[in-house]
Amino acid sequence: MENRKNYFHLHLVSDSTGETLIAAGRAAAAQFQSSHALEHVYPLIRNRKQLMQVLEAIDGAPGIVLYTIVDRELADVIDQRCREIGVPCVSVLDPIIDLFQSYLGSPSRRRSGAQHVMDAEYFARIEALNFSMDHDDGQMPADFDEADVVLVGISRTSKTPTSIYLANRGIKTANIPIVPGVPLPDGLLSATKPLVVGLIATADRIAQVRQHRLLGTTQTFHGADYTDRASIAEELKYARSLCARNNWPMIDVTRRSIEETAAAIVALRPRLR
């Protein structure tokens, strides 16, 4: 039987960046494999004029409406208009805020974008991001001891994107490629502060990713060994032995998303939670 997907419109209306809604909408949509969401994201909707334009767009492409609007009057307009159009809508944060209010015994301040204030945590994330970019692919090894996490692994084990993801959580992350015959920098071996984690994957998965990587290389690049599964298996064997010798935990990223890999790394070091 032909595998056909049904498509539906998913409208995400936010008075902030929309990141919360996007994450919630995609998490829910992922549970319905036979359907695919056509996302319409409307960020920074903070007045009635902006909202009217959004509601016109929803009327033109009816579907599910999720919103995070702290202004009660604007939220009521969305609810009323969606009833008139005949489309379902949900205020994603309201049930959570109600639960917090009930438990804490105090009302919320209902501030748009409250999670994005430029406080000390915000600047810590910026600092972590700068650090991670400066220490990508083995750069600046002398100050690896300033890192919270150092990722090691052979080429194409998602070291860089995982480093950037962790940095966005305020975790200073460096990464170093493992290459057989090339010693690791002394700065890593002498570091005492960071959690060092080895990233590995199956030879088949790495070969597949590397093959795609070769599509963008020049003709002067010879990639036979780079994508050869036997050669990759030897690289992995060397990486595993290196991690075992230094008592570094390893994470298999073969079937993990970047987010799942990052969560596993954070779990290895409770003080980073």
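Student: With which side chain does the side chain of Glu 235 make a polar contact?

Tutor: That would be the side chain of Arg 210, at 3.0 Å. A polar contact here is a pair of N or O atoms within 3.5 Å; within protein, one must be able to donate a hydrogen and the other to accept it, and residues adjacent in sequence count only if both atoms are side-chain atoms.

Some ground rules before we go on. This is a predicted model, where local features need pLDDT of at least 70, side-chain atom pairs count only at pLDDT 80 or more, and totals for chains, interfaces and linings use all residues. Residues are numbered from 1 along each chain as its sequence is written, and side-chain values use heavy atoms, with hydrogens and water left out.

Back to Glu 235: you'll find this residue in helix H10, residues 229-245. Helices (H or I, at least four residues) and strands (E, at least two) are DSSP runs, numbered from the N terminus. Glu 235 counts as buried because its relative accessibility is 15%; buried means under 20% relative accessible area, exposed over 50%, and partly exposed in between, with a 1.4 Å probe and protein chains only. Leaving aside neighbours within four places in sequence, Glu 235 is in contact (heavy atoms within 4.5 Å) with Ile 154, Pro 180 and Arg 210.

Now follow Ile 154, which sits in the loop between E5 and H6. Ile 154 is buried, at 1% relative accessible area. Not counting residues up to four places away in sequence, the residues that Ile 154 touches include Arg 210, Glu 235, Leu 236 and Ala 239.

Ser 155 is in the loop between E5 and H6 too, but is partly exposed, with 22% relative accessible area. With neighbours within four places in sequence set aside, Ser 155 is in contact with Ile 206, Arg 210 and Tyr 226. UniProt, in an unreviewed entry, lists both Ile 154 and Ser 155 under "binding site", along with residues including Lys 159; its positions are given in the numbering used here, feature names are shortened, and annotations may be inferred rather than shown by experiment.

What about the strand beside that loop? E5 belongs to an open sheet of four strands, ordered E6-E5-E7-E8 with parallel pairing; two strands pair if DSSP finds at least two bridges between them. The edge strands are E6 (173-177) and E8 (250-252), each pairing on one side only. Four bridges join E5 (residues 149-153) to E7 (residues 195-200).
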